[in-house]
Amino acid sequence: MKRHNIILAIETSCDETSAAVIRDGSEILSNVVSSQIESHKRFGGVVPEIASRHHVEQITFIIEQAMREAGVSFRDLDAVAVTEGPGLVGALLIGVNAAKAIAFAHGIPLIGVHHIAGHIYANQLIKKLEYPLLALVVSGGHTELIYMEEEDDFKVIGETRDDAVGEAYDKVARTLGLPYPGGPHIDRLAQEGRETIAFPRAWLEPDSYDFSFSGLKSAVINTLHNYKQRGDEVNIADVAASFQASVIDVLVGKTKRAVEEYKVKQLLLAGGVAANRGLREALKTTFADTDVELRIPPLSLCTDNAAMIGAYAYIKWKKGEFSSYDLNGEPSLQL
């Protein structure tokens with residue numbers, strides 16, 4: 001009888017300390033996530049030094065809990081995987097060094113994983129991926145369209161030229177006086193408001209799949225400033241709805257054009273902003289009557305977590321692509 005593959009995965013790229021145990025690249029035996037939102041909320045964003053300190057405090061306990069919940073010991077592991085980048089360098093180093101220590105102590109392979117590849121392969125934990133496919137990756141640090149002709153083959157066909165979409169959400173939320181993280185608050189308010197302000201859409205060149213949200217962010221800030229100068233009352237729900245409508249129009253519009261051009265079988269949504277209700281509904285409506293299968297992961301697999309790292313690590317394990325002990329945290333690691 002064939003023995004199952006068991007991988008311990010670790011994720012510490014930003015402000016979540018997470019460990020998971022994944023079987024055969026598709027079954028989650030455990031997925032423990034410790035969030036730092038409350039610690040960073042009063043600063044209006046993630047403070048790298050504080051994030052690193054929290055990872056140091058939590059990493060051992062989180063790994064132990066993940067192993068306990070999965071009912072496995074270190075002797076059962078085939079490999080230990082960890083996010084090597086991109087991310088905050090101090091935060092990455094905590095996870096990388098924990099993984100290296102485990103790999104060395106127990107004589108098991110070490111696998112460094114790209115954070116965005118993990119987000120994409122989070123969908124593999126729900127259902128087998130079918131190629132060719134297109135992934136729309138939307139998070140606090142990334143906005144990308146990635147074409148995959150086959151497994152483990154990534155071609156970035158579009159990316160942000162300035163602010164990532166999640167970053168734009170947080171900056172606009174801060175201007176509106178909303179707490180961190182701002183994305184969920186804007187999404188909630190957008191459901192209550194109406195699109196009453198014609199904010200710009202940055203389509204860029206006609207054939208470009210790149211994104212730009214800095215102009216939109218500036219337009220929101222300038223509009224609020226003008227309201228204040230005139231002494232007019234601001235309906236923040238309408239501002240949120242108008243801002244979100246602009247974001248979604250561009251994201252969905254460029255994605256639809258890419259799906260048609262590349263003739264893909266599946267469209268994957270990935271990253272923290274994949275939890276955005278407005279974006280999810282817009283994509284469902286747009287692709288409801290098409291032959292393309294839209295895949296949106298559950299909320300628990302949208303935000304940073306170690307299960308997604310384990311899912312992609314299995315792909316590398318099958319190919320024998322292991323890392324050496326000089327593995328390092330790479331804050332600008334390219335896909």
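## Strand pairing in the sheet

In this predicted model, A135 has L268 of β9 as its bridge partner. The two strands concerned are β6, covering residues 133-138, and β9, covering residues 266-270, which pair in the parallel sense over 5 bridges.

That pairing belongs to an open sheet of 5 strands, arranged in the order β8-β7-β6-β9-β10 with mixed pairing. At its edges lie β8 (155-159) and β10 (293-295), each of which pairs on one side only, and from one strand to the next the twist averages 20 degrees.

## Helices across the sheet

Helix α8, residues 236-262, lies across β6, β7 (143-148), β8 and β9, and runs at about 160 degrees to β6. Helix α9, residues 277-286, lies across β6, β9 and β10, with an angle of about 175 degrees to β9.

## Nonpolar cores

The largest nonpolar core comprises 46 residues, and within it L134, F243 and L251 have the most contacts. At least two of its residues come from each of β6, β7, α5 (165-175), α6 (182-192), α7 (214-230), α8, β9 and α9, with α8 giving the most, at 12 residues.

Leaving aside residues up to four places away in sequence, F243 touches A168, Y169, V172, I186, F199, L216 and V220. Apart from this core lies another, of 34 residues, which includes A122, V137, A311 and A313.

Notes
Residues are numbered from 1 along each chain as its sequence is written. This is a predicted model: local features need pLDDT of at least 70, side-chain atom pairs count only at pLDDT 80 or more; totals for chains, interfaces and linings use all residues. Side-chain values use heavy atoms; hydrogens and water are left out. Two strands pair if DSSP finds at least two bridges between them. Helices (H or I, at least four residues) and strands (E, at least two) are DSSP runs, numbered from the N terminus. Axes are lines fitted to C-alpha atoms, for helices over the stretch in contact, and angles run from 0 to 180 degrees between N-to-C directions. Contact means heavy atoms within 4.5 Å. A nonpolar core is a set of buried Ala, Val, Leu, Ile, Met, Phe, Trp, Tyr and Cys residues joined through side-chain atoms within 4.5 Å. Buried means under 20% relative accessible area, exposed over 50%, partly exposed in between (1.4 Å probe, protein chains only).
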